[in-house]
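Hi everyone, thanks for coming. Let me put the structure up, and then we'll walk through one part of it together.

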Amino acid sequence: MHLTHLSLTNFRAFSRLDMALPNPPGVVLVVGDNAQGKTSLLEAVFYLATFSSFHANSDRQLINLLAAQDALSVARIVAEYWRSGRMHRLEVRVILDSVGPTGRRLRKEVLVDGVKRTVGQAVGNFLAVLFLPQMMQIIEGGPEERRRYLNLALSQVVPGYAEALSSYQQALQQRNALLKLLSERGGAVEQLDYWDGLLAQHGATILLARMNAVQEMERLAARIHLRLTRNQEVLRWIYQPAYDPLPQPEGQYKLAIQTPVQRLGFTYEQLRRGFVERLLALRNEEIGRGVTTIGPHRDELRFWSNGLDLGDFGSRGQVRTALLSAKLAEAAWMHEKTGEWPVLLLDETLAELDVQRRADLLESQDEVQQVLMTTTDLKLFPQEFVDNCTVWWVQNGCVTAGD
Ligand SMILES: Nc1ncnc2c1ncn2[C@@H]1O[C@H](COP(=O)(O)OP(=O)(O)O)[C@@H](O)[C@H]1O
Ligand SMILES: [Mg+2]
């Protein structure tokens, strides 16, 4: 899969951008000084895959600041891309409307091949994998970073995942509000039945997808990691679902955490029913605490290498390599599941890597069809590599192609 054309209107610093991408696809090197718009360009492409920004707190920040002063302002991303033997068109509009004398309302419109779709329906048409320097947080940061990592990948590939996720979040909010109410004021606890059912219905979809995907991605990542570390490090991904369908070990002795656990083979119905039962068993405790204590919103995923948890004990270099493995595995997994390679977006990752990893990364890009990578310094790349790339110069929200 690859992009053939990208145009932006009022997207961050780009008031207008119109770029054709090289065909046949290859590597586009986006070069420019700091604060010129390189990351924003990758952000726009990633937005086509996930319809969410990786660092904006709100979509509103995506709209060009000047344009946002108008009564009606629209940030627009339009892409033409090739997938499964034909061209497609994807358009996203982030719209800031005026409502009443002072109010403003933000909404999003997505068109796939000219037809309006919800975000949930549109996700999965365009596939992308993004690698930012700050993504070391996936391994070193809090569990929400890892859930987000899984969610962004799974939403693109697993049918129904994005919709289940948003329905789950809504049900969770309602359920938590009710738990709080019951804990503060009391009331009929049977009111929870409905929300338990809804939470389990969507939670089971998420859980099933994560259990399968983690096992599949781990296999790919471990193989890549062995190669990147010259057979020195055995990588493991350890998924710890907060509602775990496996029976808990007796006597509260937790299994040694790196013990391989077999969670495949559960059916959706088993997970859903098990989740409801567990919620019922925890009901009094959860009313006491006023929050939902189990479910995919509390899942954890740990990265281990040679028997050590990288989040706690990994060196900078080890974490970086494990992240590189994870990102390349994500791309390979998407290819395995869909038959299409995602567009790979690498933001200044090369600057962070040592010479060997840099070479490894450049080499492993051969498989992927299209890569957009940013850099402030073209000299980080071997000349023969640059010769085979398309170079885009970015300056102050304008892009010019050429050497
Ligand atoms: N909504 C916006 N409107 C106008 N300018 C913006 C907006 N959001 C970000 N910018 C500006 O865009 C510039 C480019 O940011 P970025 O893409 O991160 O640059 P780079 O990656 O090249 O360092 C920054 O100077 C930032 O202030
Ligand atoms: Mg940047």
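So, which residue in E14 does Val-30 stand opposite? It's Trp-392. Quick housekeeping: this is a predicted model, where local features need pLDDT of at least 70, side-chain atom pairs count only at pLDDT 80 or more, and totals for chains, interfaces and linings use all residues. Residues are numbered from 1 along each chain as its sequence is written, while chains are lettered from A and ligands numbered from 1 in the order in which they are written.

Helices (H or I, at least four residues) and strands (E, at least two) are DSSP runs, numbered from the N terminus. Strands pair if DSSP finds at least two bridges between them. Here, strand E3, residues 27–31, runs parallel to strand E14, residues 390–395, with four bridges joining them.

Zooming out, we get an open sheet of six strands with mixed pairing, in the order E8-E12-E13-E3-E14-E15. At the edges sit E8 (128–131) and E15 (398–401), each pairing on one side only.

Back to Val-30. Contact means C-beta atoms, placed from the backbone, within 7 Å. Skipping neighbours within four places in sequence, Val-30 contacts Lys-38, Leu-41, Leu-372, Met-373, Thr-374, Trp-392 and Val-394.

And Lys-38 turns up again around ligand 1: of 14 residues there, Ala-13, Ala-35, Lys-38, Thr-39 and Ser-40 come nearest. Being near means a C-beta atom, placed from the backbone, within 6 Å of the molecule. That's my tour, thanks!

Definitions and conventions
Contact = placed C-beta atoms within 7 Å.
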